[in-house]
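Open the structure in your viewer and keep the selection panel at hand. The stops below say what to select next and what is there.

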Amino acid sequence: MWRILVAEDDPAIRIPMARFLREQKYRNTRFDVIEVYHPKQAQDALRDSKSDQAFDVIVLDLVMPGNNPEGGRQVLEFMAGKEIYAPVIVATAYGYDGPADRVRQDFSVVKGVLTKSFPLEELWKAIETVLEEERDT
Amino acid sequence: VPILHSQLDNGIAVIDRSFRIRYLNDRMRQMRRPGAQQLGVCWMEFDGHFQRKQPCPWCPVKRVFEDGKPHEGVTISDLAVSDEDQDYHFFAVNALPLRDPDNHALIGAIGVVHDCTEEILDECRATILKGKEAFRTALEKVLGIVCKLGFDRARLYIGTDNPHQFVGFAAFGQHNKDISVIRLDLDTDPHLRATMLASGFRECTELNGKSPPEIDGLRGPMTPWLEAPLRVQNDESPPVFVGKLTLDNKPSGRSLTDNREYWHLLDVFAGMLAPIIAEAQDHWRWKERASHTEKLRHLDEALLQADSIQTQMEVIVNCARDLLKPDWCHIRLREGNKLLLIANSPEDDDRVRNTVDIEDDRETSLSVDLVHQDCPSKPVIWTEDGLKKTADCLRAKGRSATADHFESLSCSGVFGLMSGRDVLGTLVIQSRIPFFFDETRIALANDLVQRAQVLIDASQRLDKHFKIEQLSSRHSPTGNLTESLEEPLQRIGEVFKADRAVLAEFGSIDPAGEALYLWAVADAREEPRGVTLCYQADFPGAYELIQRLTRDGAMAVPDVTDERYASEAIRRSFLEIAGVRAFLAAPIFLSGELWGTLIVEYCDFREFPCSEVSLLRAAATQVSLMVLACQQLQLRDIDHRISAGMTPGHDYEASYRSLLDNILQHALQLTGCHGGHIRTIDWATGEAVTHVEIGETRVDEERYWRRAVKLGHLVEGEVAKTGRERVVQDVTTDVFAQELRRLAVGWGEEIQQFLHREKSYACFPLIADDEVLGTFSISGVHIGHFTNSRLRTVREFARRAALALRAARYIERMRMMMALTNRVIGAEHLKDIWNTIPRVAVEVLQAEYAEVFSYSQYRDRLRREATHPSDAMPVDDRENREFEPSADVGCGFVPYSAKRLEPLDLVENQITSHPQRHRSEALGALHLPSGRVHSLLVCPIMKPDGTLVGILRVDNRLGRFGGLGFTEFDRLLMELLCNKLAVAIAWRQLAEGRERSVLAATHDLKSPLQPIRTVLGELQAGRYQLPRDYDEVRRGCRHALLLESLIMDTLNVARGQADSMDVSSLDPKRLIDEVLDIFQDKLEQYRVVPTCSITPQSIWGTRAMIFRAVVNICSNVLEHAVPTMEYDPKATNAFEISVRVEGKEAVIRVSDHGPGISKEERERVFESGYQTNATSTRGHGIGLAAVRLTMRAHDGEVRLLDRPDGKRGVVVELRWNNDKLKKQVREKDVGASFPP
């Protein structure tokens, strides 16, 4: 089972996204989707994953919870601080040339950025690409 | 008997029948002709007529012999009674027959004779007083006696008040009753002139072809006649012709020549009558004199009314014609070397010349001749001889018409119109009447002359005074004193008829430094006239001039060689150098102080009347006004240049250097100084450096002047340090030289040169706004050069130099501020602006320290100080000592570390209590024990809308150079700087805020879109199927509703107004349920349990707007309040919604348990685009702004309140006028039911 962490505070986005991902297969293997809506929740999940099983992909919203613009960044900083590696796809409503680009520059784990709104197929394509790249390396 | 006879007063003569004298008593002997000693024939003995054979026709003795009866008669004799007595006499003769006793035969006659001359003449004189008739009778009696010489008729013509006219006065014989109607004059009686000029009687036989009746109408057929002039000759006056006596015989009578031997007695007779007639005429003239007096009185009145000297002279000429009855009369006035005709009698119109030249017309003009007389004050009376010579000269020069005129004249009187010794003009009176000028006429003419000369003199003096008084008003001065005074000085020279007029300023007030500075010289001797020059010179006697002018108010020296008037020094300066023999000087005072002198100079000896002295003093006053005006104009010119030239945009540096140069040049020119320089002080280094210099700078001296002067060094350093001016009248004094050497360490050689070259020196501080900007130095080559007026002048220029410097510095600092603030404004980030501000402030405000706080920082610090006094700003541990100058003065930002001062506290207090209102600034200063000043300046940085964004503070421990604090200009500059910075900050804040706002708005708008797109995508892909996935689809629909709400709010906030109102009744419970339904997922996610308390069944409002407003508030609770709380998966959250109707108002309150909003921000969160300072969560500044728009549209308000239970959190309260909306809707409904 591939493990995906979906960190998104808006349930209207997170719930359909998780449902979609659970229905997908990569290399004939389905995904175990873990949903979180708070940075602290994400950090707990990541901390647990270090001892248990690492996440293959993390889909991360930058602004969470609510209107906190630093939530996503806090998660990335946590990962960097704890030396937790997992490719991250940032899904944010910010456009380019904004905070998304800055985190991409600041954190090497950020492998892709999806700008809301996007069709779920696009998210899947991004996940596939990331997984392929990870596999290559 | 002989003894008896000898004692008788009467003469007794005994004459026999042969007319031989037989006996004479002593008295009779005395009556005989001198030399006659023997008894002989009587007419031979008595009259000396040795050839005559017949006795005298009128002889009573002859008649005794004819009829033997006694006879008496009066006879005329030219025999002298004595040797001394040469007069002629009348003798009364009583002739008695002398008969022989024997035969009673007539043997002879006894003549008893006595001298009755006096009796007759006295009788005549006596009758003068009895009136003309009595006098006429007496004269006719005398004429009767004369006629006994052998004439039938005698007439006496005497002169009248008109010298041209003679009237018949008395007659004997025929026509004696009609004689008074006869009038004779030169034209009607051609013999009149000849008789006047004749030395004795004349025989007249014809009348130039005219018949006698045409002359007098009385004479009848022409007969020859005799005319004898009656003339009086006094020693002291010219002869006077008083009348003439004519004698003739009837045409039918004896021949005139029968009595030729007695004609000579006519002269005797005329000689006796003339004085009596003159006396009578003189007596009669009393009326005439009264008439003259009256005419002179009228003349005086007419003169007073005449408005010009020409009119006055014309009046005098007319009066002369009236009083003196001349043939011609004119007045000439002197104008330089000319005599100009100013008034003349009409008879002179075609003849008299307008101008005669005093040099060229000496022989052809009587007026010019008078000017050349030694004593021109006495009249010159020309007789025919003199006139003829002049006529010959005229004829020789080809002016025959004028020559003819002169030849026709009998006399001409020329009277000088004098003023002292000067000839102002001439009065010329000409007549064809010989002996025209008697005493009366001369006296009358003198009366007129006196009037004329008084008038001319007064007029010329008045004219002079007028010309002098007009000097300052007629001649507009320019900035150049020499140019300005060139013409006025020429005018003064002309008025005073001076050879030279000089305006000079005293070069020194010290006897040791006698010098005179000549501003302008008008020299009449040079061509072209009025050459001006300007030089400064050693002038022996200048101090004496000062003393005399101060003491006496003027100095008049008629003769510089006379030691009574002037000293040797004066003589040397004036006579030997300038060739001046006499001069008159008047002082020129400026502001009550002797400044200089105005001198009129003459090459010849000359007296100076008091009037000229006062006139020159008046001229000096006028000149002083012009000097003042010139000085003021120069100052105004400088002022103009300061205002015109010192404007930003010009090459201001070149401009103000040129200006300073100009100021210095003007100052040198006006004060006659040798050289000078202006130093400006570098505020950072404190050194004075030379900006401008003028003078005889040599190469080595250039280095001297160019060197910077440190504070306290040399005189300038002292002046700059203390701000007090220094004037040294004598630099050679030991005290000053020692002081200079002491101050000028390392300047030895240059100081020696300075002391050798300069004699007096003055240095003024250039002070503006209480700040010493530099020094203004000026020097003179004479000891005691700096009079008070010069010092005052230099001070004026120094003041202007200071103004120019200040303006230059202002511009420089303004430009610097503009450049630096542009750099600040151009900063990319707000933090860069804040960091740059102190550096800019230090440079622009020339401060040692600068510090800037953003308002929040400042507020936080003040709060900290208030709660924890130990955290207060550090106090300098050297608070009781002087601050040492910083090594990096003016070089940038130095952190704040000085002692706090009162002004700062004041500002802080104001900011704390009234941050929005604070607009003032503080200018404070602390005087340190040494006299230095610790000054600081605090200014708020306030945005244009009055919002305080920061505080700027600059600090000078030492103050600016000169120990002074910040100036008013600094304050203004700081205010300007802060304003610009505030604008820059506001702009940058706005830009960054807008950026964030757009970013946040984009984010918030796109967030609801994602669920919608997901639902639609999944439906399209067939992964969602209804009704299985109804909840998923419904979630998408709720977000569509949320998206619409967001879009509408964004639009409304962007355009600044709410939707159009569509009021209806709302069910509040249903509305709240619908709102909560939108947030159902989040409520579940965050385990938030809303508590609703809804009491009214309905409220009134625009449903969509109220719905969006509540959505907005609930969204804020879920986006900001709840998520910011610490994550606790087990905790539950809550918020309360209540809907009430309170009175007329509907009230919706939403209370949360979040971190709350600070009171300072509670009002601002409703502003469009405002973002709170909270770091954990940040809105985009649209939601609450939209809520406020909605409430305002509903005539209501929205506010943030503390929770009533005092717990953490905030209450959002919506409150609007429910009743009003309700009423509006009902009225609308009624209107709809009953259409008009």
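A salt bridge here is a side-chain nitrogen of Lys or Arg within 4 Å of a carboxyl oxygen of Asp or Glu. By this rule the count over all chains comes to 76 salt bridges. Side chains of opposite charge can pair when their charged atoms come close.

This is a predicted model, in which local features need pLDDT of at least 70, side-chain atom pairs count only at pLDDT 80 or more, and totals for chains, interfaces and linings use all residues. Residues are numbered from 1 along each chain as its sequence is written, chains are lettered from A and ligands numbered from 1 in the order in which they are written, and side-chain values use heavy atoms, with hydrogens and water left out.

**Chain A**

The chain A average is 89, and 96% of the residues score at least 70. Helices (H or I, at least four residues) and strands (E, at least two) are DSSP runs, numbered from the N terminus.

Next, select A:Arg73 and A:Glu77. Their side chains meet in a salt bridge, 3.8 Å from N to O. The two are separated by about one helical turn, because they stand 4 residues apart in helix α3 (residues 71–82) of chain A. Buried means under 20% relative accessible area, exposed over 50%, and partly exposed in between (1.4 Å probe, protein chains only). A:Arg73 counts as partly exposed because its relative accessibility is 22%; A:Glu77, at 43%, is also partly exposed.

**Chain B as a whole**

Move to chain B, which has 36 helices and 39 strands. Of its 1236 residues, 52% are buried. The chain exposes about 56800 Å², with carbon and sulfur atoms supplying 50% of that area. Accessible areas come from the Shrake-Rupley method with a 1.4 Å probe; for residues, only the protein chains shown count as cover.

**Salt bridges in chain B**

Select B:Arg571 and B:Glu576: they form a salt bridge whose closest N and O atoms are 2.8 Å apart. B:Glu576 is partly exposed at 48% relative accessibility.

Then select B:Glu1136 and B:Arg1203, a salt bridge with the closest N and O atoms 3.1 Å apart. This pair links distant parts of the chain, 67 residues apart: B:Glu1136 lies in strand β36 (residues 1133–1142) of chain B, and B:Arg1203 in the loop between β38 (1197–1202) and β39 (1210–1217) of chain B.

**Across the two chains**

A network of salt bridges links residues including A:Arg19, A:Glu23, B:Arg1028, B:Asp1029 and B:Asp1081.

Select B:Ser1007 in helix α29 of chain B. B:Ser1007 is buried, with a relative accessible area of 13%. What does B:Ser1007 contact, leaving aside its neighbours within four places in sequence? The contacts (heavy atoms within 4.5 Å) are A:Asp10, A:Ile13 and A:Ala93.

**Last stop**

Follow helix α29 (residues 968–1021) of chain B to B:Leu1019. B:Leu1019 is partly exposed, at 31% relative accessibility. With B:Leu1016, B:Leu1026 and B:Tyr1030, B:Leu1019 makes a nonpolar surface patch of about 410 Å². Patches are made of residues with over 30% relative accessible area and no salt bridge; like charges are joined within 9 Å, and nonpolar side chains (Val, Leu, Ile, Met, Phe, Trp, Tyr) within 5 Å.

How values were computed. pLDDT = per-residue confidence, 0-100.
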